[in-house]
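Please keep the sequence and the structure at hand while reading.

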Amino acid sequence: MAIPIPTRQLFIDGEWREPVLKKRIPIINPATEQIIGDIPAATAEDVELAVDAARKALARNKGRDWANASGAVRAKYLRAIAAKITEKKSEIAKLEALDCGKPLDEAAWDIDDVAGCFEYYADLAEGLDAKQNAPVSLPMETFKSHVLKEPIGVVGLITPWNYPMLMATWKVAPALAAGCAAILKPSELASVTCLELAQVCREVGLPPGVFNILTGLGHEAGAPLASHPHVDKIAFTGSTITGSKIMAAAAQVVKPVTLELGGKSPIVIFEDVDLDKAAEWTAFGCFWTNGQICSATSRLIVHESIAAEFLDRLVKWTKNIKISDPLEEGCRLGPVVSGGQYEKVLKFIDTAKSEGASILCGGARPEHLKKGFFIQPTIISDVTTSMQIWREEVFGPVLCAKTFSTEDEAIELANDTQYGLGAAVISNDLERCDRVSKAFQAGIVWINCSQPCFTQAPWGGNKRSGFGRELGEWGIENYLTVKQVTRYISDEPWGWYQSPSKL
C-alpha cells in the first residue's frame, strides 16, 4: 500500500522554512497521473538565505565546527546518516518509486547504494587527516614544503530526477566529507527523497547550515544558485544544454564546475557471444531505470553474421519484461517521469519511423495500462547514422540497432557521437575486448556487461558528456582545494640584495 508523501518546506540552516514567496509545485505520480502532494518552490530570495547560512556554517567557531574539524569528526556524521537511511530504507524506497516511477526493487537497491556511499566517504574523510601536511620534495635544502587539502567552500549541487536520492548523494557525501557546506537543488520532477535526506540530517544533528536543500524550478532556483558570487563551486548532473548554461554562468565569476551530462552510449556485440547473456545485458543496459539513464547503452552495434538471430532473441527478452505500477511485485519497467517526457519519447519513435527505421517491438503505450506515463521498451532497426534516433539522447526505453562487419567498423560506429560517457563491448575474446576498450572515446567502459556502477570507481564522461569525475577518491577531490605551504629553514640571510647595514 502506498505511503503518504510528507509535506516538507525548504531546508535552510538546519530548519524547515517556508519559501519567501510561499510558492509550491504539485507532485504527480507518473504511474497514475494523480497529484499526490507538493514541494516548496524556492526562488532567488531563498537562494540568498541558503548561501548566507552555508557561509556562516563554515565560519562558525573559526571553522572548527565543520570546515576545519578533523575528517574523523565529519565521518561520524556521515556514518550516522548512512545508518539512519538504512533504518528508513523501506519507507524511502516507496517514496522514490511513487515520485519518479522507478520499480520498487530498483529503488531499494538505490537506497542501499545511498547508505554505502555515505559510509565510503566517511572512510575517505578520516583518510584526509593522514594526508594533510604531505611533504613536497624540493631541489633546495634551505626550503621545506608541504601541501594542505582544504574544503573549497560553499558548493551548489544541482541533480537530476532519474536517481533522485542517489545522484544527490554522489555529490552531498563527498562535499560534506571534504568539509564543504552544501546547497542541494534537486530536480523539481523528483525531490521527495532529497527532502527526506534533510530530515535524516536533522535527526542525526548535522551542524546547521552545513547542508541546505532548495527545491524548485531550474530557472527560479538553480540559475541564481549557479551564478551566485558567494557559491564557490557548482557540480551539475543533467542535460548538455543546461550544463552549457551553468558553465556560462559560472564563467562570469571564474567559478569551477563539474559537469556530468548526456550520453548516447554504444554497446558492441561480437559474433562469438552467448546470445542470451548478451541479450539480457543489452536489454538491461538500455531499459534499466525505465530507460532514463545518461549512460544508457542505447546504440546497439551488432555483428552482421548474428544480427538477425540476436535481434530475434533480444525481442523475446524485451517482450518478457514486466511493465506495471512500480509498487507491484516483480515490476521491471515503470513509467517515464512526466507527461512532458512521455510525449518527447513517443516523438522520437515517430520521427524514427518517418525517417525509414523499423520498429521491431514496443513503440507505444502498453495495452493493459490505460493511465500513467508508460512506454513499452522499444527496439528500432534499419537505422542509419544520419537519423535523429542514432544521434540524439532519448532518455527513455528506446534502443536503436545497426550492424557491422569488422572490428574497425564497430569502433568507428561506436565513436560516431558527440557524447562520450559510457560504452560496452561483449565478446568472449578478451584481447579484442581490451583493444576495443582502449579505442572507445568514453569515460566509462564495460566489458561483457552494461551499467554496473560502484562507489569506489570513477564516473564521468568525455566530449559533450561533460568533464570531471565523481565517485571514488576522485569524487572527494572535486570539493578540495590544494594549498602549498613553503618555509625557509636556513639561519643565513637570503642575500639577494645588498644589506643596508654594509653600505
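## Helices α9 and α10

In this predicted model, helix α9 (residues 275-287) packs against helix α10 (residues 307-319) at an angle of about 60°. The two axes are 9 Å apart. The helices α9 and α10 are therefore oblique to each other, and the crossing of α9 past α10 is right-handed.

On the α9 side, the contact is made by L275, D276, A278, A279, E280, T282, A283 and F287. On the α10 side, E309, F310, R313, L314, W317 and T318 take part. By residue class, the contact of α9 with α10 consists of eight nonpolar, two polar and four charged residues.

Is S187 buried or exposed? Its relative accessibility is 8%, and because the cut-off for buried is under 20%, S187 counts as buried.

The side chain of S187 reaches the backbone nitrogen of L189, at 3.1 Å. Which residues does S187 contact, leaving aside neighbours within four places in sequence? They are T159, P160 and W161.

## L369, in the loop between β14 and β15

L369 is placed in the loop that lies between β14 (358-361) and β15 (378-381). With a relative accessible area of 14%, L369 is buried.

Residues up to four places away in sequence not counted, L369 touches I323, S324 and F374. W161, a contact of S187, is 208 residues from L369 in sequence. In space, the C-alpha atoms of L369 and W161 are 23 Å apart.

## A108, in helix α4

Helix α4 (residues 104-131) includes A108. The relative accessible area of A108 is 19%. Why does A108 count as buried? The cut-off for buried is under 20%, so A108 at 19% is buried.

When residues up to four places away in sequence are not counted, A108 touches K89 and A93. E96 is 12 residues from A108 along the chain, and the C-alpha atoms of A108 and E96 are separated by 8.7 Å.

Terms used: Residues are numbered from 1 along each chain as its sequence is written. This is a predicted model: local features need pLDDT of at least 70, side-chain atom pairs count only at pLDDT 80 or more; totals for chains, interfaces and linings use all residues. Side-chain values use heavy atoms; hydrogens and water are left out. Buried means under 20% relative accessible area, exposed over 50%, partly exposed in between (1.4 Å probe, protein chains only). A polar contact is a pair of N or O atoms within 3.5 Å; within protein, one must be able to donate a hydrogen and the other to accept it, and residues adjacent in sequence count only if both atoms are side-chain atoms. Contact means heavy atoms within 4.5 Å. Axes are lines fitted to C-alpha atoms, for helices over the stretch in contact, and angles run from 0 to 180 degrees between N-to-C directions. Helices (H or I, at least four residues) and strands (E, at least two) are DSSP runs, numbered from the N terminus. Angles under 35 degrees count as roughly parallel, over 145 as roughly antiparallel, 65 to 115 as roughly perpendicular and the rest as oblique. A crossing is left-handed if the near helix is turned anticlockwise from the far one by less than a right angle, and right-handed if clockwise. Ala, Val, Leu, Ile, Met, Phe, Trp, Tyr, Cys and Pro count as nonpolar, Asp, Glu, Lys and Arg as charged, and the others, Gly among them, as polar.
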